[in-house]
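Welcome, and please open the model in your viewer.

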Amino acid sequence: MKSLIRIHWALGLVAGWLIPLFVSAQMVITIDKSPVGVEPIAVVPFAWRGPSPVAPEGLDVIIATDLANSGRFDPLDRLPATPRSESEIRWEDWKRLQIPNVVIGSLVQKTPSGPGARYEVEFHLYDVLKRERIIAERDTVRHGDLRKAAHQVADKIYEALTGERGAFDTRIAYVTETSDLSGARTYALSIADSDGFNAFPVLQSQYPIMSPAWSRDGRRLAYVSFEGNRPGIFVQDLSAGTRKKVTSFPGINGAPAWSPDDSRLAVTLSKDGNPEIYTVHLASGVLRRVTQNLAIDTEPAWAPDGRSLVFTSDRGGRPQLYRIPVDGGRAARITLQGTYNARAAFTPNGKHIAMVHGNRGVYRIGLLELATGELEVLTSSRLDESPTVSPNGRMILYATTTGSEATLAAVAIDGSVRQRIGLEEGRVRAPAWSPFLQ
């Protein structure tokens with residue numbers, strides 16, 4: 001019976017279903033807690049010049065929402081004025097209201113309306129105290145790229161004011177499950193913008209799909225599919241729409257994680273009897289076994305420097321995180337607090353690991369500082385799962401359950417801001433945040 005329970009636990013970890021969480025697919029972000037010192041900012045409605053009375057996208061609304069969702073800024077709901085140019089800015093008025101920065105922009109339609117229409121997007125960011133312009137940029141974009149252009153503007157504003165690279169122009173992958181009236185289920189691997197818009201399915205199947213993982217160049221997704229009722233690991237080329245089966249051995253094939261150079265995947269396989277960590281070279285298909293233990297070893301996470309892997313193992317009796325050289329060797333336990341630590345996700349700088357930290361039946365998102373071993377619990381729910389870190393290392397997206405409500409949520413890496421992300425259609429699990437897009 002004990003071995004059966006351990007195999008069920010391994011399957012749950014590989015699938016990312018240890019704590020089943022289902023949420024809808026259209027994101028609505030609500031900030032629960034904002035950091036002390038959140039900075040006010042004014043994003044003036046963009047001037048619109050085109051044949052129709054209404055602009056095709058509210059760029060200023062998208063930009064302001066992005067900045068608010070970062071937890072670092074508080075865009076004004078009501079503006080005392082709507083200047084259209086620098087000459088119209090009444091500096092003393094904004095200074096009196098203690099608004100340090102103002103964003104002014106415009107959207108101009110340059111070609112006839114239609115899917116191929118092109119627009120000129122221009123924005124200016126001003127420092128009110130210094131009475132000077134910080135950024136001034138102009139770009140021409142297609143109709144279908146207007147939201148993307150707004151995210152890029154928000155990224156530039158965020159970086160100029162914080163010194164950190166913005167991550168608004170990124171994407172999130174997730175798996176959705178829907179049922180028809182007969183009870184038949186359809187699974188989809190989907191991608192959306194970081195704010196939940198522009199969602200589209202990459203793959204649809206009658207078989208379960210799980211554990212999506214982005215390549216470091218953002219061009220491919222690795223995932224697990226149970227096609228033919230047998231788990232296999234696939235890699236999907238997002239631009240070409242093609243895919244390749246990487247492994248389909250008897251037993252467990254799961255938890256793919258990309259190497260920093262995208263040449264290999266770290267995976268969990270039980271082809272030799274016990275769930276172990278392997279690496280597979282994508283070009284040659286060559287397998288290399290990393291762990292050698294009678295325990296359940298699963299959920300590898302590749303360190304940013306490519307030299308080691310962190311994985312979940314019950315070799316000490318309970319699930320904990322261990323670190324091992326990528327070519328194998330002695331595994332060292334790195335988590336010492338709590339009875340359960342799993343699902344490691346490195347921050348981009350390799351200094352911290354986000355994870356699921358469990359103690360006395362409560363599962364929350366924790367952050368481990370590798371240099372000191374200090375663990376900080378960032379969330380306060382009872383059932384949190386599947387952490388994934390934004391490419392700028394600022395936010396952690398995860399799945400959570402509160403009472404009967406299952407949602408996605410995000411927390412700042414320093415715990416200063418928390419967000420609930422409500423979803424309205426379908427059921428989704430296993431979020432994965434993309435890298436910066438090329």
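**Stop 1: the cavities.** Searching the whole structure turns up 3 cavities of 30 Å³ or more. Here a cavity is a set of points on a 1 Å grid over the protein atoms alone where a 1.4 Å probe fits but cannot get out, and lining residues have an atom within 4 Å of a point. Grid points are joined across faces, edges and corners, and a volume is the space filled by probe spheres set on the points. The largest cavity holds about 260 Å³ of space. Select Asn69, Ser70, Phe168, Met395 and Trp433: of the 20 residues that line the largest cavity, these are the closest to its centre. Helix H2 (59–69), strand E28 (395–402) and strand E30 (418–422) are the elements that give two or more residues to that lining.

A word on what you are viewing: this is a predicted model, in which local features need pLDDT of at least 70, side-chain atom pairs count only at pLDDT 80 or more, and totals for chains, interfaces and linings use all residues. Residues are numbered from 1 along each chain as its sequence is written, and side-chain values use heavy atoms, with hydrogens and water left out.

**Stop 2: helix H2.** Stay with H2 and colour it by burial. Is this helix largely enclosed or open? H2 is largely enclosed by the rest of the structure, because 9 of its 11 residues are buried. Buried means under 20% relative accessible area, exposed over 50%, and partly exposed in between (1.4 Å probe, protein chains only). Among the buried residues of H2 are Leu59, Asp60, Ile62 and Asn69. Step just past the helix to Gly71, which takes a positive phi of about 80°.

**Stop 3: Gly105.** Next, select strand E5 (residues 101–109), where you will find Gly105. Gly105 counts as buried, because its relative accessibility is 6%. Leaving out residues up to four places away in sequence, Gly105 touches Phe46, Ala47, Glu122 and Phe123; contact means heavy atoms within 4.5 Å. Draw a distance from Gly105 to Phe123: their C-alpha atoms are separated by 4.0 Å, although the two are 18 residues apart along the chain.

**Stop 4: a sheet of four.** Show E11, E12, E13 and E14, an open sheet with antiparallel pairing in that order. Two strands pair if DSSP finds at least two bridges between them. Which strands are at the edges? Strand E11 (209–214) and strand E14 (243–247) are, each pairing on one side only. From one strand to the next, the twist averages 25°; axes are lines fitted to C-alpha atoms, and angles run from 0 to 180 degrees between N-to-C directions. Zoom in on E11 and strand E12 (residues 220–225), which run antiparallel and are joined by 4 bridges. Ile209 has Ser225 in E12 as its bridge partner.

**Stop 5: another sheet.** Now bring up E15, E16, E17 and E18, an open antiparallel sheet of 4 strands in that order. Strand E15 (253–258) and strand E18 (287–289) stand at the edges with a single partner strand each, so one side of each is left without a neighbour in the sheet. The twist averages 30° from one strand to the next. Strand E17 (residues 276–281) pairs with E18 in the antiparallel sense over 3 bridges, and Thr279 stands opposite Arg288 in E18.

**Last stop: the whole view.** Zoom out to see 4 helices and 31 strands; these are DSSP runs numbered from the N terminus, helices being H or I with at least four residues and strands E with at least two. Of the 438 residues in the protein, 52% are buried.

Methods. 1 Å grid on protein atoms, 1.4 Å probe; cavity = no way out; pocket = protein on both sides within 12 Å on 5 of 7 lines; lining within 4 Å.
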